[in-house]
Amino acid sequence: MVLKMAMRLLFNSIALLLAVVSFAAMNAKASTNRPIRIAALWSKNTASEYLCVLEAMTKQSIKQGHKVTLTSFEYNNSIPDLLSASEQIVSQGYDIVIGPRTSQEALTTAPVFEKANLPQIVPVASHEEITRKYRNTFRIIGSSESYSKKIAKFIHQVLEPKKIVVVSNLSSPYSTNYRSAILPNLERLKSKATLAYIDLIDGTTDYKTVVDKILKENPEVIYAPVYSVDLTNLYANLSERKISVKIVTHAGMFNATELLNEHYKPGIELFFNGLWDVKSVGHHDHRFKRLLKTDCKGMPENIRTAAAYDAFLLAAEMTKISAKSGANLVAAARKIKFHGILGEWKSEEFGEPYRPLPIYKFTKKGQTPFYTVQ
């Protein structure tokens with residue numbers, strides 16, 4: 001009798017346990033069946049490239065049977081308007097935010113989404129504080145801090161100069177940021193190179209004097225984190241002199257291949273970091289190019305469209321892991337590793353992605369892969 005009662009109690013307990021598990025599974029299934037709601041946050045004057053890619057990928061995902069919606073929240077270039085759009089996103093219960101574009105804008109929105117525990121993916125914002133300070137924010141490209149460290153590593157380990165001239169533009173926060181970072185990054189690597197500094201401002205025209213100052217220092221390497229107009233004028237004036245020197249700059253700051261090609265000189269070697277690795281070509285690369293030819297006809301293949309594509313991939317991976325594990329989307333993002341247009345993405349500390357940095361060499365035939373900084 002006692003044995004029968006014990007067995008019945010055991011069966012009832014198992015049945016109850018199975019019911020609880022079944023109910024939890026049904027709830028989990030129901031939650032995964034709910035459409036994932038993505039908010040795209042972009043300023044009105046920069047929205048077209050990003051939104052076209054995001055909207056095209058949303059359409060493709062729906063065709064493949066995925067439940068996802070995308071809503072665009074456009075704002076004027078003002079902090080109050082940006083904050084208002086961010087608060088609307090929170091109040092309307094969106095799951096993931098992609099955007100905004102600039103570092104200043106992302107630093108404005110990050111505390112709003114942090115408080116709401118809402119993941120924010122910033123495709124091209126590069127200020128290190130965005131992810132260092134806010135745990136809910138994830139970047140697609142590396143921060144300017146990570147680029148600075150890898151550029152210094154390339155200069156020190158590959159070019160091995162004894163003397164470096166740093167040419168920067170004091171009118172540009174990006175340029176001055178890289179200018180101030182190069183020395184401590186080289187010292188961290190125990191480089192014994194000596195540095196000299198030549199500073200430009202917006203509107204500088206006397207590049208002959210700038211080159212005279214450079215030649216006086218007799219460097220093996222010129223580190224020039226400057227924009228197209230400065231770099232082109234610097235290269236053009238250097239090409240008129242009898243000099244062999246290596247120039248290192250940032251691809252994110254210049255786009256002057258045609259202009260440089262007019263002044264090409266073999267003795268002046270120009271190196272620049274790429275923003276994605278040309279070796280990382282896979283099925284996403286083909287889909288991305290096809291998307292730009294069809295859904296987003298006329299849109300350029302550049303860092304902005306590529307980063308928007310990868311931002312959508314990261315959002316998709318977050319929802320996939322969250323559905324399997326039950327983890328919230330922020331926690332899910334820290335477990336992700338995927339290969340997108342910009343190469344491998346995986347979250348390191350502070351939401352900073354780990355990305356090897358490809359270095360290209362400018363030749364008469366165009367940019368040629370030269371080295372990859374790990």
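Mentor: Let's begin with a term: a residue is called buried when its relative accessible area is under 20%. Keep in mind that this is a predicted model.

Trainee: Okay! So is Tyr94 buried or exposed?

Mentor: Tyr94 is buried, because its relative accessible area is 9%, which falls under the 20% cut-off.

Trainee: And what about the charged end of Arg37, where does that sit?

Mentor: Over the ring of Tyr94, 4.0 Å from the ring's centre.

Trainee: Let's talk aromatics. How many aromatic pairs turn up in the whole structure?

Mentor: The search finds ten. One of them joins Phe73 and Tyr94: the ring centres are 5.4 Å apart and the planes stand at 90 degrees, so this pair is edge-to-face.

Trainee: Which parts of the chain does that pair tie together?

Mentor: Phe73 belongs to strand S2 (residues 68–75), while Tyr94 is in the loop between helix H3 (79–91) and strand S3 (96–98), so the linked parts are 21 residues apart in sequence. Phe73 is buried too, with a relative accessible area of 8%.

Trainee: Nice. How are the rings of Phe272 and Tyr360 arranged?

Mentor: Those two are stacked, with 6.0 Å from centre to centre and 25 degrees between the planes. Phe272 lies in strand S10 (residues 268–273) and Tyr360 in strand S13 (residues 357–363), so their pair ties together parts that are 88 residues apart in sequence.

Trainee: Are Phe272 and Tyr360 buried or exposed?

Mentor: Both are buried.

Trainee: Last one: which residues make up the aromatic cluster with Phe154?

Mentor: Phe154 forms one cluster together with Phe271, Phe370 and Tyr371.

Key. Residues are numbered from 1 along each chain as its sequence is written. This is a predicted model: local features need pLDDT of at least 70, side-chain atom pairs count only at pLDDT 80 or more; totals for chains, interfaces and linings use all residues. Side-chain values use heavy atoms; hydrogens and water are left out. Rings of Phe, Tyr and Trp (its six-membered ring) pair if their centres lie within 6.5 Å; planes under 30 degrees apart count as stacked, over 60 as edge-to-face and the rest as tilted. Helices (H or I, at least four residues) and strands (E, at least two) are DSSP runs, numbered from the N terminus. Buried means under 20% relative accessible area, exposed over 50%, partly exposed in between (1.4 Å probe, protein chains only). A charge sits over a ring if NZ of Lys or CZ of Arg is within 6 Å of the ring centre and within 35 degrees of the ring normal.
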